[in-house]
Amino acid sequence: MSKIDPLVLAGAKSKGKRPYFLDTDVERLTNIVLVLAQELAVVRERTDTLERLLEQSGVLTRQEIETFTPTKQQADERGAWTQEYLARVFRVLQQEREALQAQEASSEEVADELAKV
Amino acid sequence: MSSLVSDKPKAQPARPYDGPPDYRVVGQHGMYPQLSHDEISRFNFLAHVNRHLSTQIMPGVKEAFDARVEPKFMATQGRGFKDRHEVRKALLKDPMFQWWSALRRATMETRQQAGRWVTLRQADHLNAKAKALTEHDQRLKLKPDLPLPRYVEAIDHHCMPGSYHTELAEGDVTGPCNYDIGIFATTGGMLGRYNDGGGQAIAAWVKEALPDLKPQRILDIGAGLGHNVVPIAQAFPEAEVVAVDVGAPMLRYGLARAKTMGVENITFVQGDVSDLSDLADESFDMIHSCMFLHETSYASMPKIFAETHRLLKPGGIVFHVEQPQYTPEMPLFEQAMRDWDAFYNNEPFWTKMHEVDLDSWMVAAGFAPDKLIHGGVAAVVDPDVFPQAAQDTKQEDYGRKAAWHVVGAVK
């Protein structure tokens, strides 16, 4: 088993103090909404693929989808997907936690430092 | 001859399509990770968001600047702006700039998470593949105890967690792999199938500007994962190419990636390009960097230029590909917008690098003033599927457009 846990590390914060442009709460929420919009686009595209393939092959009916019930294994797989999904949605809060533990210069401060000959 | 014209009416799009291509046009070299349908959809979405921000939202920043930011400054200060920093600080108070900036930053961070999920979930597989391709290969020369330059250590460039150097496991290549697969999203597909539009442009520029140049040895400084040096190595298949970078993961991935693309004439060397004393004097015919100088520092730049002078054979050529310098002719608004990546996308030296007179720095390093070279290049991509920067008049994505300036010299 890999020691790299993507659920935690995928949303890691990059080094350097994060700038905020809006009220910080508004901007945090904006980040959450952007990812929700992303995942809606993901689902929309997948559904689009599915519908086009079904249309081509004609193997499923809409009624079968409406009455589908998952098995335990299928339900667990869906749950794991939801865990990954929420790690994406709440990435900005993870980075606030990481920022609590770091002493970092801003880009402006580093720019001045790097400009010293 | 049968008719190709169908009688069936076709669904007409509401408007001609002018967005990014589907992600699946990206080239699948041998180090490419497996991407699921959903993971591809995320990159499609992010490419569209970046394109939307640059074509639909960013023009509003200029409109707001003209309509209210500049007039308000003039009214309260009784004068115009002195410099780009005053412009940026005034823009920071305007809602249009604030919202565009907040979304641009959020999109960059979301892109990182999307790419890191892909590479980290298959880290063991990717790292094993890179190991199999590079182990005992003399073209990978690593220096595990090389000190990191402050400009790399201080901040993770372009909000890429772990930057160019971090290894999450032994032999890690997940960082560069994430960089590689996500460039499409960041640029909206502007850099082409293998993210090599810059390198292809360099190769085409050299062949046109210097048709007699037959370089035997080529040096790429700040090569990263080698996406721009591969097309140069392909353009000069007889040449021995050396690609230097400070990040071991980049070099490891770079060699593995190049080999799977059938490119065998590049050696990837770990080094700090301000001190390349392992390389012999006058041993290269051509030295170049591509979008690299802005990630260094004033302390290192003279050393870098001096090293290129030392390493070049007499008659050899050096050149650096960068976004344009801030000259007095460039409007302060444009300068301030170009500074965005410096202050808000972890590219701190961008602002300072772009204000210096690179010609005088080259001359100070020993190059003759009458041997300096200036030019311009735009990304070379497959025009059937990718947007072309040279023809793109719809967006000026300050600092991110795939069109660059060239400054260099003949020794």
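Here's a quick briefing on a two-chain model, covering each chain and how they touch. The model is predicted, so local features need pLDDT of at least 70 and side-chain atom pairs count only at pLDDT 80 or more, while totals for chains, interfaces and linings use all residues. Residues are numbered from 1 along each chain as its sequence is written, with chains lettered from A and ligands numbered from 1 in the order in which they are written.

**Chain A**

- You get six helices and zero strands here, where helices are DSSP runs of H or I with at least four residues, strands are E runs of at least two, and both are numbered from the N terminus.
- Chain A has a radius of gyration of 21 Å, whereas a compact globule of 117 residues would come in near 13 Å. That radius is taken over C-alpha atoms, and the globule rule is 2.2 Å times the number of residues to the power 0.38.
- The C-alpha trace of chain A spans about 70 × 30 × 30 Å along its principal axes.
- Of its 117 residues, 21% count as buried (20 or more other C-beta atoms within 10 Å of the residue's own, with C-beta atoms placed from the backbone).

**Chain B overall**

- Chain B holds 14 helices and eight strands.
- Its radius of gyration is 22 Å, close to the 22 Å from the globule rule for 411 residues, so chain B is as compact as a globular protein of that length.
- The C-alpha trace of chain B spans about 65 × 60 × 50 Å along its principal axes, and 52% of the 411 residues count as buried.

**The sheet in chain B**

- Eight strands make an open, mixed sheet in the order E1-E4-E3-E2-E5-E6-E8-E7; two strands pair if DSSP finds at least two bridges between them.
- E1 (140-141) and E7 (372-378) of chain B sit at the edges with a single partner strand each, so one side of each has no neighbour in the sheet.
- E7(B) runs antiparallel to E8 (residues 403-410) of chain B, joined by seven bridges, and B:Ile373 stands opposite B:Gly408 in E8(B).
- H7 (residues 197-209) of chain B packs on the sheet, touching E5 (284-290), E6 (312-322), E7 and E8, and its direction makes about 130° with that of E7(B). Axes are lines fitted to C-alpha atoms, for helices over the stretch in contact, and angles run from 0 to 180 degrees between N-to-C directions.
- H9 (residues 248-260) of chain B lies across E1, E3 (240-245) and E4 (266-270), at about 170° to E4(B).

**Helix H1 of chain B**

- H1(B) bends by about 50° at B:Phe65, the bend being the angle between axes fitted to the seven residues ending there and the seven starting there.
- Just after H1(B), B:Gly78 has a positive phi of about 70°.
- H1(B) packs against H6 (residues 174-187) of chain B at about 35°, with the axes 6 Å apart.
- Residues making that contact include B:Phe43 and B:Leu46 of H1(B) and B:Phe184 and B:Ala185 of H6(B).

**Where the chains touch**

- The contact takes 43 residues from chain B and 37 residues from chain A; two residues are in contact if their C-beta atoms, placed from the backbone, lie within 7 Å.
- On chain B, H1 (37-77), H3 (95-121), H4 (123-134), H12 (340-344) and H13 (350-353) each supply at least two residues of the side that touches chain A.
- H3(B) gives the most to that side, with 15 residues.

Methods
Buried ≥ 20, exposed ≤ 12 C-beta atoms within 10 Å, placed from the backbone.
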